[in-house]
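Let's take a look at the pockets in this one. Have the structure open as you read.

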Amino acid sequence: MKINGTCHCGYITYKGEIDPEKVALCHCTDCQTLSGTAFRVIAPVPDTSFKMLGGEPTIYIKTGESGNRREQAFCPRCGAPIYSTPPGAGPKNYNLRAGTIRQRNQLVPKNEIWARSKQAWINDITSIHSLEKQ
Amino acid sequence: MKIHASCHCGYIKFEGEADPEKVTVCHCTDCQTSTGTAFRTNVPIPGPSFKLVSGEPATYIKTTAESGNPRAQTFCPKCGTPLYSTNPGDGPKPSYMVRVGILRERDQLTPKVQIWTRSSRPWVNSLEAVRKTEKGLT
């Protein structure tokens, strides 16, 4: 499906074509820290369809447990995470951060990865008191 | 309880005193975009307990709240990790809303309330059905 996205302040904009079946949650501790929350939601987009429309993200190079280096892109103005990708030329995917995708309402995760470091309370989230607003 | 925060690259470090009973999940659309994921997890710490140990956070003033209130959102300028939100401007702050994912003690912090659930991702309540792997995709 065709998607487009933007960071919170609007400086970064992008578009691409993703496979909704490949949307995943990542519970790894790197994603917990880099998102500041419990897990990340990612939607891979091939470099052949991914296009940056505006802005220039800041790149942070992270080294994972595997030793692999990954570029983590975020907006230099509002800090919103945008994507990760292997350094260097393609062919490759960009793992978009689904919260920045305008069509996120239509994206349902099909896989959860790194479940060994999942925050325990997530399985009982329906028991946590809920308020429609604040 | 005492909390210790660090961004992913280690440039920013701070400490404070948090009440574990006040951990919240925020499902508002601002938090979805600013984290790039489904919701944020927050814990407030009182201003007097906040101690910046190293680094200088970048600040983004968000003005899109339904209330109209501007809010300072901070992140690490080197790795992008979200840190906390607080009142804009200089001087002492009454409190800081700290992003739980950056805390050494995060495994001990269970949310007690969820807010702005009118915009929550419906699938968050039915994760049992999603295929899981202990490590990365195989």
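## The second largest pocket

Sorted by class, the residues lining the second largest pocket come out as eight nonpolar, ten polar and seven charged. This is a predicted model, and the volume of the second largest pocket works out at about 630 Å³. Its lining counts 25 residues, and those closest to the centre are A:Gln134, B:Cys28, B:Lys62, B:Ala65 and B:Trp116.

Which elements of chain B give two or more residues to this lining? They are strand E3 (24-26), helix H1 (29-35), strand E4 (40-46), strand E7 (71-75) and strand E9 (95-99). H1(B) hands over the largest share, with three residues.

## The largest pocket

Now for the largest pocket, with a volume of about 900 Å³. A set of 32 residues lines it, and nearest its centre you'll find A:Cys26, A:Arg70, A:Ile113, A:Trp114 and B:Gly136.

Over in chain A, quite a list of elements each put at least two residues into the lining of the largest pocket.

## Confidence scores

How does the prediction score? The model gets ipTM 0.93 and pTM 0.94. For chain B, the average pLDDT is 95, and 99% of the residues score at least 70.

How values were computed: Residues are numbered from 1 along each chain as its sequence is written. Chains are lettered from A and ligands numbered from 1 in the order in which they are written. This is a predicted model: local features need pLDDT of at least 70, side-chain atom pairs count only at pLDDT 80 or more; totals for chains, interfaces and linings use all residues. Side-chain values use heavy atoms; hydrogens and water are left out. On a 1 Å grid over the protein atoms alone, a cavity is a set of points where a 1.4 Å probe fits but cannot get out, and a pocket is an open set with protein on both sides within 12 Å along at least five of seven lines; lining residues have an atom within 4 Å of a point. Grid points are joined across faces, edges and corners, and a volume is the space filled by probe spheres set on the points. Helices (H or I, at least four residues) and strands (E, at least two) are DSSP runs, numbered from the N terminus. Ala, Val, Leu, Ile, Met, Phe, Trp, Tyr, Cys and Pro count as nonpolar, Asp, Glu, Lys and Arg as charged, and the others, Gly among them, as polar. pLDDT is the predictor's confidence in each residue, from 0 to 100.
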